[in-house]
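Here's a quick tour for anyone meeting this structure for the first time. Have a look at the model, then read on.

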Amino acid sequence: MNNERTKNSVRNIIVGIVRRVVEILFPFIVRTIFIKSLGEEYLGLGGLYSSILQVLNIADLGIANAIIASMYKPIAENDTVKVSALMNMYKKAYRTIGFVILSVGIIILPFIDKFISGSPPENINIYILWILYLVNTVIGYLLFMHKISLINAHQRNDIIDGIATICRVMINFLQIFIVVWLKNMYLYVILTTIYIIIYNFWCSYECDKRYPQYTCNGNLDKETSGKIKKEVSALALQKIGKTISNSLDSIVISAFLGLTVVAIYGNYNYVISAITTFTSLIYVAIQASIGNSTAVETKDKNYEDFKVLFLWGMWLVGWCSICFMCLFQDFMILWLGEDLLFHISIVLTLVLRFFFEQIRRTVTAYKDAIGMWRVDKWKPIVGCLVNLFLNVILVKKIGVAGVAISTIISCVCIELPWETHVLFKFYFLKSEIKYYLKMLLYIFEAGILGVITYMICNILPFYGFQAIVIKLVICCLVPNILFVLINHRNPSYKKGLEMLKKAFRLLTSNS
């Protein structure tokens, strides 16, 4: 069982990397052409609509997480009847949610212009465009999300990632054609709808072929149903707080600073989000494996695995942050020019926001796998309110940097310590003091290595593409070599290295 979990995790990571490369590279090309062909305001409008729709997505209340977490144990026990009942519940709930989002989206249609500071782009009907974006959001709920989640619960994210990769490539080629030759934003958005439809039907076919024993029928017993309802009530608060916090930035920037600043912010955020997909990939790929492990292994075994994942996760995030600071400005100048550049001080706040949000991922991965949502259900709401309050104040005083600083304060002072405390208190049954000491040590290490690497990169007399290549080589060598030298005696480092070797041996074997 342990070998199968490891093999599935690594396979998910490898296929997931391919998907993320495609989902970064092709949209990057499309985004670049979009800016050159249609302009920053069109891009800013699309970013604003996406942020508003993320807020509407809170209607799903985190049902998916609750039901998927409930699937791990019955799948491990081959309880076909219970899994089928869970799928049935999921299908009904999601289709109801889809209609709720559609209704709310139509209700706010007459007021959509209130979210835009200044005049919208010419030659575009903001109301028609809103309907198209709304349809993109709703259609996934109405199709086969319940089958996609079943594949996830079986630790086979690689199947879904493979399908998404092929569909993404086809649609992005068509979007490039639409933007370059037709310059039609409506058709551009409609192609996204086509992508979602093809993706859902293909995943449904694969699910039926691989897991024919499961059908959407039956009802859950009162105990399981009651447990899920309690978890969903907690997840609703989690979802509301997290979604609003994530969407808040673009909405606040649009309302106070305008669509052009939204577009520039979106360009930086696009690059950060692209890298975040890779750091998140590890946790997404092993989520089902963690859930399986927490269901069948001891707490001590899971705690040792937790420490390994935490060390390697901290380093990955630290290294990505170092690369951001050393390469970001050169890349943005080469990509879009100096006119669409933020000051380095704003870049620093964006990188710090990325760093502190991502170092929480090990804790949240275990909490989600265990289904531990009720114990800190008010955390995201409190964090969101603090973030909103500080956003409105700081964006007026220091602009975009204030938006990032608001998120950092909310994350470090409220969300990170709160979720850490409940995981250690209610699952690991240990004090989190040693964990915090390790965290501070790893942050210090990343900071020192970051300063050294940044200073080396800044003394180079190179510019443009040549500078990016040389700095990238420095970022790959200097901090990673120093990290190995510092941590090569760390038991978590050694164990992690052995786990990686074992995983690749399993992946390349016939076992």
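## Helices, start to finish

A quick definition before anything else: helices here are DSSP runs of H or I with at least four residues, numbered from the N terminus. With that in hand, meet Leu429, the residue that follows H15; its phi is positive, near 60 degrees.

Keep in mind that you're looking at a predicted model. As for the overall make-up, the protein has 18 helices and zero strands.

## The whole protein

There are 511 residues here, and 54% of them count as buried.

What about contacts across the sequence? Take the contacts between residues at least 6 apart in sequence: 85% of these join residues at least 24 apart.

Now back to H15, which covers residues 400-428, 29 residues in total. From first C-alpha to last, H15 reaches 39 Å, close to the 42 Å expected at 1.5 Å a residue.

Where is the kink in H15 centred? Look at Cys411: the kink is centred there, and it comes to about 45 degrees.

Phe177, Trp181, Leu182, Leu187, Ile190, Ile194 and Ile198 make a nonpolar patch of about 630 Å². Two helices each give two or more residues to this patch: H7 (157-182) and H8 (185-210). H8 gives the most, with four residues.

Ile194 lies in helix H8. Is it buried or partly exposed? Ile194 has a relative accessible area of 35%, so it counts as partly exposed.

For a contrasting example, find Phe354 in helix H12, which runs over residues 344-358. Phe354 counts as buried because its relative accessible area is 2%, and the cut-off for buried is under 20%.

What does Phe354 touch, leaving aside its neighbours within four places in sequence? Its contacts are Ile272, Ile275, Thr276, Thr279, Val317, Cys320, Ser321 and Phe324. Take Phe324 from that list: Phe354 and Phe324 are 30 residues apart in sequence, and their C-alpha atoms are 9.9 Å apart in space.

Conventions:
Residues are numbered from 1 along each chain as its sequence is written. This is a predicted model: local features need pLDDT of at least 70, side-chain atom pairs count only at pLDDT 80 or more; totals for chains, interfaces and linings use all residues. Side-chain values use heavy atoms; hydrogens and water are left out. The expected span of a helix is 1.5 Å times one less than its number of residues. The bend at a residue is the angle between axes fitted to the seven residues ending there and the seven starting there. Patches are made of residues with over 30% relative accessible area and no salt bridge: like charges are joined within 9 Å, nonpolar side chains (Val, Leu, Ile, Met, Phe, Trp, Tyr) within 5 Å. Accessible areas come from the Shrake-Rupley method with a 1.4 Å probe; for residues, only the protein chains shown count as cover. A salt bridge is a side-chain nitrogen of Lys or Arg within 4 Å of a carboxyl oxygen of Asp or Glu. Buried means under 20% relative accessible area, exposed over 50%, partly exposed in between (1.4 Å probe, protein chains only). Contact means heavy atoms within 4.5 Å.
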